[in-house]
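Visitor: I've got a structure to look at and a few questions about it. Could you walk me through it?

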Amino acid sequence: METMIKAENITKSYTMGKTKLDVLRGVNLTIEKGRFVAVVGASGSGKSTLLHILGALDRPNSGSVFYQKQNLAGLRWGKLNHFRNKEVGFVFQFYHLLDELTVLENVMAPAMASAGLLGWMSLKSRTRERAHQLLERFGLKERLRHKPYELSGGERQRVAIARALINQPPLLLADEPTGNLDSRTGHGILEALKGLHDEGQTIIMVTHDERIASQASRVIRLIDGKVQE
Ligand SMILES: Nc1ncnc2c1ncn2[C@@H]1O[C@H](COP(=O)(O)OP(=O)(O)O)[C@@H](O)[C@H]1O
Ligand SMILES: [Mg+2]
């Protein structure tokens, strides 16, 4: 199978005053296209740190991340922005939706951000159509003009997933997407992710919940800053 993303010997430490915290101590990881991978580990084990590094939201202290054979460390500013905006989609535990925007506008925002003013004029109607389709798929057709604060947690997370997918990123990264939800609602989110995976979406999902993780096609454990399978 073709490799989607590969981490080689990733290390990451945080220094707080005089203490140095070694969070990742040489993480090696190869994730193939089309996989639904769960990364599990205790709270504080470095799951979010790893996901941020894979999505180029953060840099490792040493080691390399290769996205489809491209070393992220070698990407210049513009290419790196392209990677963050077009190649990966991010879903967070606390949704990170913009309360000033409607549901529809939230979902469209990443497409607008990447288009530039002129590009956006030609993209807008297509983007709106795709946002409609995504929101309909996730059961939010009746919520397009609502503001995020008017929605339930499960609905907000489904909006966040739609937003993450608007630019059709090959890789979806989800950081505890069910972590703020009751188990039934969380299950619905998991079903949505599984449905995407069935259609070929590559997904890396971080969770501290073994039951949630067991639904993925592959489970990776982060223990003492290293990967165990
Ligand atoms: N920016 C930061 N500065 C200092 N310490 C951090 C920072 N980010 C995370 N940490 C610490 O690194 C460890 C791993 O954090 P994190 O990756 O968020 O773990 P997880 O997502 O598995 O709960 C934790 O002990 C956390 O407190
Ligand atoms: Mg975390």
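Guide: Helices (H or I, at least four residues) and strands (E, at least two) are DSSP runs, numbered from the N terminus. This is a predicted model, where local features need pLDDT of at least 70, side-chain atom pairs count only at pLDDT 80 or more, and totals for chains, interfaces and linings use all residues. Residues are numbered from 1 along each chain as its sequence is written, while chains are lettered from A and ligands numbered from 1 in the order in which they are written.

Visitor: How many bridges join β4 to β5?

Guide: β4 covers residues 62–67 and also runs antiparallel to β1, with 5 bridges. In the hairpin of β4 and β5, Q68 takes a positive phi near 45°, and F66 has N71 as its bridge partner. β5 (residues 70–71) is antiparallel to β4, and the number of bridges joining them is 2.

Visitor: What is the strand order in the open sheet of 6 strands?

Guide: The pairing there is mixed, and the edge strands, pairing on one side only, are β6 (88–91) and β10 (226–228). Inside the sheet, β3 and β9 pair in the parallel sense over 4 bridges, with V40 opposite R221. The order reads β6-β7-β8-β3-β9-β10.

Visitor: Which element supplies the largest share of the shell around ligand 1?

Guide: The shell takes in residues whose C-beta atom, placed from the backbone, lies within 6 Å of the ligand; among them are Y14, L21, G46, K47, S48 and T49. β1 (3–16), β2 (19–32) and α1 (47–54) each supply at least two residues. The largest share, 3 residues, comes from α1.

Visitor: Why does G179 count as partly exposed?

Guide: G179 sits in the loop between β7 and α5, and its C-alpha is 8.3 Å from that of H208, 29 residues away in sequence. A residue is buried if 20 or more other C-beta atoms (placed from the backbone) lie within 10 Å of its own, exposed if 12 or fewer, and partly exposed in between. G179 is partly exposed because its number of other C-beta atoms within 10 Å is 18.

Visitor: And which residues does V37 touch?

Guide: Contact here is C-beta atoms, placed from the backbone, within 7 Å. Not counting residues up to four places away in sequence, V37 touches I31, I203, I204, A216, R218 and I220.

How values were computed. Two strands pair if DSSP finds at least two bridges between them. Two residues are in contact if their C-beta atoms, placed from the backbone, lie within 7 Å.
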